[in-house]
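Hello,

Here is the structure I promised to pass on to you. Have a look first, and then read my notes below.

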Amino acid sequence: MSRQPETIDLLLRRRSQLACKLVPPGPSEEELKTILACGARVPDHKGLVPWRIQIADRTNQDTLHAKLPELHEGDPASLEKTLTKEPKTAPLLLIVSSHTPSTKAPRSEQILSGAAVCQNIIIAASALGYRSQWLTEWFAYNDKVKTYLGIPVGEDIIGFLYIGTESEVPKERPRPNLEDIVSELSLSPQ
Ligand SMILES: Cc1cc2nc3c(=O)[nH]c(=O)nc-3n(C[C@H](O)[C@H](O)[C@H](O)COP(=O)(O)O)c2cc1C
């Protein structure tokens, strides 16, 4: 493979932007196809394709957001947060869910593969000049929301990926020091 320093640069610079601050334009139809193709090209133990992606345009997002108060259960503060931070202008939402009927690979691995789908989508969107935010909040874990979206209750919503253009350049946030998270393995040979 040829060296692609611009990919490294992108990975080192990528930042999310709050979904409520995303504005149009969003990806064109052609760009969306590219983003989805990148999302579908992930490590996948046993090739089970254990994930699904739903595309929600602005109209469908509005319909979903309007339904959330009715579907919400539990802590009212979480609904309040959702309503105040509602992404009202994000042009695109991709909902990535698990699809794990097979037992050929551990279910946790199938869900991890779905996380890779989300990350690939975010990276591809960044490479095309868009910003995004990967959210779950309470609505990813709510059975009524799953049913409303046609996702089986026994499966997982892995991410609500809001994609659009930045309305302001997000500030950098602290990143872990590598020395705090990386260590040299030092095993004693038997
Ligand atoms: C699985 C997953 C779920 C997340 N859910 C939320 C969420 O519900 N609310 C939120 O504010 N951030 C959530 N985040 C974090 C944001 O997507 C984002 O990573 C964070 O704002 C840091 O920005 P960065 O991507 O530039 O490091 C989630 C991240 C992951 C990986």
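Which residues make a nonpolar surface patch of about 330 Å²? Ile8, Leu11 and Leu12 do, and Ile8 is in helix 1 (residues 5-13). Patch residues have over 30% relative accessible area (Shrake-Rupley method, 1.4 Å probe) and no salt bridge (a Lys or Arg side-chain nitrogen within 4 Å of an Asp or Glu carboxyl oxygen); nonpolar side chains are joined within 5 Å.

Please note that this is a predicted model, where local features need pLDDT of at least 70 and side-chain atom pairs pLDDT 80 or more, while totals for chains, interfaces and linings use all residues. Residues are numbered from 1 along each chain as its sequence is written, and side-chain values use heavy atoms, without hydrogens and water.

The chain has 7 helices and 5 strands (DSSP runs of H or I, at least four residues, and of E, at least two). Their order along the sequence is α-β-α-β-α-α-β-α-β-α-β-α.

Helix 2 (residues 29-39) packs against helix 5 (residues 107-127) at about 145°, with axes 7 Å apart (lines fitted to C-alpha atoms over the stretch in contact, with angles from 0 to 180 degrees between N-to-C directions). Ile35, Cys38 and Gly39 of helix 2 meet Val117, Asn120, Ile121, Ala124 and Ala125 of helix 5, where contact means heavy atoms within 4.5 Å.

The Pro24 to Pro25 peptide bond is cis, with omega near 5°, and Lys46 has a positive phi, near 70°.

Best wishes

Methods. Patches are made of residues with over 30% relative accessible area and no salt bridge: like charges are joined within 9 Å, nonpolar side chains (Val, Leu, Ile, Met, Phe, Trp, Tyr) within 5 Å.
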